[in-house]
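Subject: Structure handover

Hello,

Here is the structure I said I would pass on. Please open it first and keep it beside you while you read the notes below.

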Amino acid sequence: MNDRSSLSTPGGRRWGLTVGPVQYLWPRERLLAFYAELADSPADCIVLGEVVCARRRQMRLEDWLALGRELAQAGKQVVQATQTLVETEADLRQIERLGAETGHWVEAGDASALALLQGRVPLVLGPHINIYNHRALQEHADLGVVRWVPPVELSLEALACIQPPEHPVTGWAQQPIETEVWAFGRLPLSFSARCFTARQHGVPKDQCGFPCGDDPDGRLVRSGEGEDFLVLNGTQTQSAGVHCLLPHGTALAATGARRLRLSPQARGFGQVLTDFEAVFNQEAAAAPRMAAWADLGVPQPLVSGYAFGQAGMVSHVNLPSEMPA
């Protein structure tokens, strides 16, 4: 599992590390402390914003914009994200304000954001934009796209076909659209207008009292057989397993991608970020680093099935990275 060949990038380029938006409801003080730590982290790009539920208002848009300015001054690329599920006129107005005020790239959570922001700011296609072939990516290119995060269920083999290194789709300023692969974190599988966490607590969604704040990594759901199955996070359903591609650098490099997305978890995430930097950019071995994560509270199990065209809950962490897709 020591995949040192993962470091072979054209021209000796480093792998870019992006910290995705926090998907859970964390207190304002915890969020600010988290991002203060990221200012000195190996991550070169940070995605900000509430992407799950518009009712979570610990951070207002002004707060996110101010935080973005601070991180930019610390040398980080900042991307402001829109909600994934847009339900109201107020949600649309929030997107409009992002286009007018952010000064940064904007990650579109859904097609409504694309319609409002096309041509106004550099756009990142979030993982819930349905791009499943080369032609679809090409059709989005004229909207001002600079980067895309492929849907999490796509295999690495499929990514290489959609945005092939030898014939890439070009977007903003006629530059190739950059591929950013989801490489760590519980997978966001679906969203709903109904809040599952509120329903579980027997309270109305609009008067919920925010019980999702009691679960900083979401609420685990087990199957009838007692196996970890899903995680509830308000209106979002996630995988119980944590998708992890740390030992699969060779397979990742073959796609032409040179940027990885790491989705925050409540515990051990700083070490996870350090380990991705060490393995992908400093030739460290993956196995001993991953073995230490459980003691730090990083949720288990670690899975990677989707990356290789299999069921998402399948794990390849103990197999060679040069697996066939």
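Residues 24 or more positions apart account for 69% of the contacts in the protein with a separation of 6 or more, where contact means heavy atoms within 4.5 Å. This is a predicted model, in which local features need pLDDT of at least 70, side-chain atom pairs count only at pLDDT 80 or more, and totals for chains, interfaces and linings use all residues. Residues are numbered from 1 along each chain as its sequence is written, and side-chain values use heavy atoms, with hydrogens and water left out.

Overall picture

The protein has 10 helices and 12 strands. Helices (H or I, at least four residues) and strands (E, at least two) are DSSP runs, numbered from the N terminus. The radius of gyration is 19 Å, close to the 20 Å that the globule rule gives for 325 residues, so the protein is as compact as a globular protein of that length. That radius is taken over C-alpha atoms, and the globule rule is 2.2 Å times the number of residues to the power 0.38. The C-alpha trace spans about 50 × 50 × 35 Å along its principal axes. Of the 325 residues, 55% are buried. Buried means under 20% relative accessible area, exposed means over 50%, and partly exposed lies in between (1.4 Å probe, protein chains only).

Strands and crossovers

Strand β3 (residues 77–81) and strand β4 (residues 105–108) run parallel and are joined by 3 bridges; two strands pair if DSSP finds at least two bridges between them. Gln80 has Val106 in β4 as its bridge partner. From β3 the chain passes through helix α3 (residues 89–101) to β4, and this β-α-β crossover is right-handed. Right-handed means that, with the strands pointing away from the viewer, the path from the first strand over the helix to the second runs clockwise. β4 is also joined by 3 bridges to strand β5 (residues 123–125), and these two run parallel. Here Glu107 stands opposite Val124 in β5. Another right-handed β-α-β unit is made by β4, helix α4 (residues 111–117) and β5.

Cores

Which residues have the most contacts inside the largest nonpolar core? They are Tyr35, Phe184, Phe276 and Trp293, in a core of 73 residues. A nonpolar core is a set of buried Ala, Val, Leu, Ile, Met, Phe, Trp, Tyr and Cys residues joined through side-chain atoms within 4.5 Å. Helix α9 (residues 269–281) gives the most to this core, with 7 residues. Apart from neighbours within four places in sequence, the contacts of Phe276 include Leu17, Phe184, Leu260 and Trp293. A second, separate core has 11 residues, among them Val51, Ala81, Val124 and Phe191.

In helix α1 (residues 28–38), Leu31, Phe34, Tyr35 and Leu38 are buried. They cover an arc of only 90 degrees around the axis, which puts them on the same side of α1; the arc is that of the directions from the helix axis to the C-beta atoms. Glu29 and Glu37, on the other side of α1, are exposed. The cover over the buried residues of α1 includes β1 (16–19), β2 (45–48), α2 (61–73) and α9.

In helix α5 (residues 134–141), the buried residues are Ala136, Leu137, His140 and Ala141. Their arc around the axis is only 150 degrees, which puts them on the same side of α5. Arg135 and Glu139 are exposed on the other side of α5. Covering the buried residues of α5 are elements including α4, β5, β6 (145–148) and α6 (156–162).

Single residues

His316 lies in the segment after β12 (302–303) and counts as buried, at 2% relative accessibility. His316 and His248 are 68 residues apart in sequence and 9.0 Å apart in space, C-alpha to C-alpha.

Thr197, in helix α7 (residues 196–201), is buried, with a relative accessible area of 2%.

The peptide bond from Gln300 to Pro301 is cis, with omega near 0 degrees. Pro301 is in the loop between α10 (287–291) and β12.

Regards
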